[in-house]
Amino acid sequence: MAGEGYSSSDEWYYILDEEVKNLSEMSLSHYVEIGSSSLDNDDISNQDNESDSGSDPGIMDDEESYSSDECLYYVPDDEEKSWSKESIYHYAEKGSLSSSSDGKVGHNITLFPRFTKTKEEMEIKDIASDNILPLLPAKALIRFRSVSKEWDHRIKSPFLAHEQSYRFKDLSGFFCQYNDKEPTFVTLNNPAYGVPIPSLAFLPSFVNIISSSNGLLLCTGNDLYYICNPANEEWKALPKPEYYHGPEPATILAFEPSPLNMGAHYKLICAVPLLDQPIVCFEIYSSETNSWRVSNAIFVGNLSFINPGLYMKGVAYWETSTREVLAFDVKHEIHRIISLPYGAPPDGVLTCIHDELCYIGVSNFWGNEYSVKIYGGLHLRLIRLINVNLEPGPGLTGIQEYRVLPCVDGEIVMILMGSSMYSYSLSRNRIQARSITEGDDLRVSAKYLPYVNSMVYVA
């Protein structure tokens, strides 16, 4: 199919073949303009003449049924309905409405989106584009934009970013921050999961990391909350809440990507202890309204919160210094207290395993032998005990500081010991040492937030 004589815009055009060229001029009047789509002067004058001479019987009377999008719709008559299937393949990606050197005319219609092909036309690269790209991390996708013009357009599409956000779920690494130092990123695979600016210097001020959820990161700086995606450096400053949340707010970012969450909407749930009063209030931000509201629910009691909270299945969970967990149902705005079991290791983490709330802790019982205890269910009873051998890092001897890291994958338990990081697969019952990029300063006492390398746009 010859494409000479056409510019390279993002439109699709119909190229008249020999069979179609024999159609009468009346057939061309079946291109119905809806909205403000552009036509050349000849087509505009033809439409004006036809509108003056009366309505065309081939044009649908119920124009209300068309949407008001800026596009052209084609309405076939009886003769054109009999065209062969091969005629459909004359849709090609071309430029503005113009005539080619061989006299063929292009008409702007959008029956097919750009780069969309029929099953008969699809090649291996097209199948890979549709089925493999959404399963890849953001860094790999950005590199693959150079494969071809089609892949570049596909990867830049917000539809791919949306699909990738709910199909790619692998733990990519941890954003960590020690005291008042700038954040850093510890990647589990630098070629695949790296981020352009690990320090988050693209934000307008120095920030403290607070919470993370499915590729989005919540930070605070200059008394403002910032939502950002470190992979594409998109960010948004949120309006100030009504209550004072403090320098280390107990705020949880809740973002649950799904096929229906096209706008990448998210919520922030903050448990706010009132000053000098034994009361905890709940303030909620919604990206759909871009505003905060204070819940009518109030918890009476003195609570202080430790570790980043957890959001799962519509409920926010905070671990407290009294070895209890405060749970808040966001939809029904009710709360309850869940006690951590007696004997549970300290410095554990709340996580989700097989769609169930779990608490995971690790303790040392002899030499390099450690036990990982997993408590699950609403009553957090012991459901699994795992013994593992954790060797000290290079050049280190004796007992090291250790802790379980928060995770996003219910299949993996991440353990930090000294400057070494291990992952334990619950299904394979296998421990594996993870390679750390040289220069990463791992401290057990630092704050760690799990991160997924996502293409999601910040709404």
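Select lysine 447, which is partly exposed, with a relative accessible area of 21%. Partly exposed here covers the range between buried (under 20% relative accessible area) and exposed (over 50%), with a 1.4 Å probe and protein chains only. The model is predicted, so local features need pLDDT of at least 70, side-chain atom pairs count only at pLDDT 80 or more, and totals for chains, interfaces and linings use all residues. Residues are numbered from 1 along each chain as its sequence is written, and side-chain values use heavy atoms, with hydrogens and water left out.

A salt bridge is a side-chain nitrogen of Lys or Arg within 4 Å of a carboxyl oxygen of Asp or Glu. Helices (H or I, at least four residues) and strands (E, at least two) are DSSP runs, numbered from the N terminus. Glutamate 248 counts as exposed, at 53% relative accessibility.

Next, select Arg145, Asp152 and Lys156. Salt bridges that share partners join these three into one network. Start with arginine 145 and aspartate 152: their side chains meet in a salt bridge at 2.8 Å, N to O. Is aspartate 152 buried or exposed? Aspartate 152 is buried, with a relative accessible area of 18%. Arginine 145, by its 35% relative accessible area, is partly exposed.

Now move from aspartate 152 to lysine 156. Their side chains also meet in a salt bridge, at 3.3 Å from N to O. Which helix holds both residues? Aspartate 152 and lysine 156 are in helix H8 (residues 149–156), and because they are 4 residues apart there, about one helical turn separates them. Lysine 156 counts as partly exposed, at 43% relative accessibility.

For the last stop, select glutamate 288, in the loop between strand E14 (279–286) and strand E15 (291–300). Glutamate 288 counts as exposed, at 58% relative accessibility.
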